[in-house]
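Trainee: I have just opened this entry and would like a friendly tour. Could you show it to me first?

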Amino acid sequence: MRKRSAGLASAAIVFLLVLSFERCFASVEPSLGSARVVFQTNYGDIEFGFFPEIAPKTVEHIFKLVRLGCYNTNHFFRVDKGFVAQVADVVMGRTAPMNEDQRFEAAKTVVGEFSKIKHVKGILSMGRYSDPDSASSSFSILLGDAPHLDGEVRGSSYTSRRDFRDDEEGESCEREKSILKRRLSESAIEVERQRMKCLP
């Protein structure tokens, strides 16, 4: 009888240790990887940090698009105050032509890597269609909390370290946006021509 109760006691201790171990790790927040991506805009630089442990395939895909220069000459096509600023898909959003390597990578989609990370201000969230595996290169920076997106197809993958301010002067913003778009277009095309000329 003593042997049986000792076995039950050690099984209970093992169970409690396992349960305690799981709880301990369940409460640990995911940490950002060390790699960063910086988007340079006329309104300042935006630095992005990533969660490679949460969404390794998505993060690697974004890094490859960045290394190939796919986001050069791209733009934010949607800015909804208090909600999102969304980067255009590189295939449709670029003003400069793409080379073969860029077209090949940009045509790829990423398998959905969904997490329990909440959609709060500063989080990046991949743009997708209704197909959970349809993410390609468009993503949104959340400008405010969006709990209605938690657990949705657009599961968050990484975060931004830049604080976005909501522009309260909509008309001024629209005028500046059109000027910015024109200037970016002109300079980005020239930069892309030089890059393609100098790099194979």
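Trainee: Which residues form one aromatic cluster?

Mentor: Keep in mind that this is a predicted model, where local features need pLDDT of at least 70, side-chain atom pairs count only at pLDDT 80 or more, and totals for chains, interfaces and linings use all residues. Residues are numbered from 1 along each chain as its sequence is written, and side-chain values use heavy atoms, with hydrogens and water left out. Rings of Phe, Tyr and Trp (its six-membered ring) pair if their centres lie within 6.5 Å; planes under 30 degrees apart count as stacked, over 60 as edge-to-face and the rest as tilted. One aromatic cluster is formed by Phe39, Phe48, Tyr71 and Phe139.

Trainee: How many aromatic pairs are there by this rule, and how are Phe39 and Phe48 arranged?

Mentor: The count comes to 6 aromatic pairs. Phe39 and Phe48 are 5.0 Å apart, centre to centre, with 85 degrees between the planes. Both Phe39 and Phe48 are buried, a word that means under 20% relative accessible area, while exposed means over 50% and partly exposed lies in between (1.4 Å probe, protein chains only). The arrangement of Phe39 and Phe48 is edge-to-face.

Trainee: Why is the pair of Phe50 and Phe63 called edge-to-face?

Mentor: A pair of aromatic rings is described by the distance of the centres and the angle of the planes. For Phe50 and Phe63 the centres are 4.9 Å apart, and the pair is edge-to-face because the planes stand at 75 degrees.

Trainee: Which elements does that pair of Phe50 and Phe63 link?

Mentor: Phe50 is buried at 2% relative accessible area, and Phe63 is buried at 17%. Helices (H or I, at least four residues) and strands (E, at least two) are DSSP runs, numbered from the N terminus. The two residues are 13 residues apart and link distant parts of the chain, with Phe50 in strand β2 and Phe63 in helix α2.

Trainee: Is Ser140 buried or exposed, and which residues does it touch?

Mentor: Ser140 sits in strand β6. With a relative accessible area of 8%, Ser140 is buried. Taking contact as heavy atoms within 4.5 Å, and not counting residues up to four places away in sequence, Ser140 touches Val84, Ala85, Gln86, Ile123, Leu124 and Ser125.

Trainee: How many salt bridges does the structure hold?

Mentor: A salt bridge is a side-chain nitrogen of Lys or Arg within 4 Å of a carboxyl oxygen of Asp or Glu. One of them joins Asp80 and Arg78 at 2.9 Å, N to O. Asp80 is partly exposed at 29%, as is Arg78 at 30%. The number of salt bridges is 5.

Trainee: Which residues do salt bridges that share partners join into one network?

Mentor: Glu105 bridges to Lys64, with the closest N and O atoms 3.6 Å apart; Glu105 lies in helix α4 (residues 100-106) and Lys64 in helix α2 (residues 56-67), 41 residues apart. Glu105 is buried at 4% relative accessibility, whereas Lys64 is partly exposed at 34%. Glu105 also meets Lys108 in a salt bridge of 3.0 Å, N to O. The network is made of Lys64, Glu105 and Lys108.
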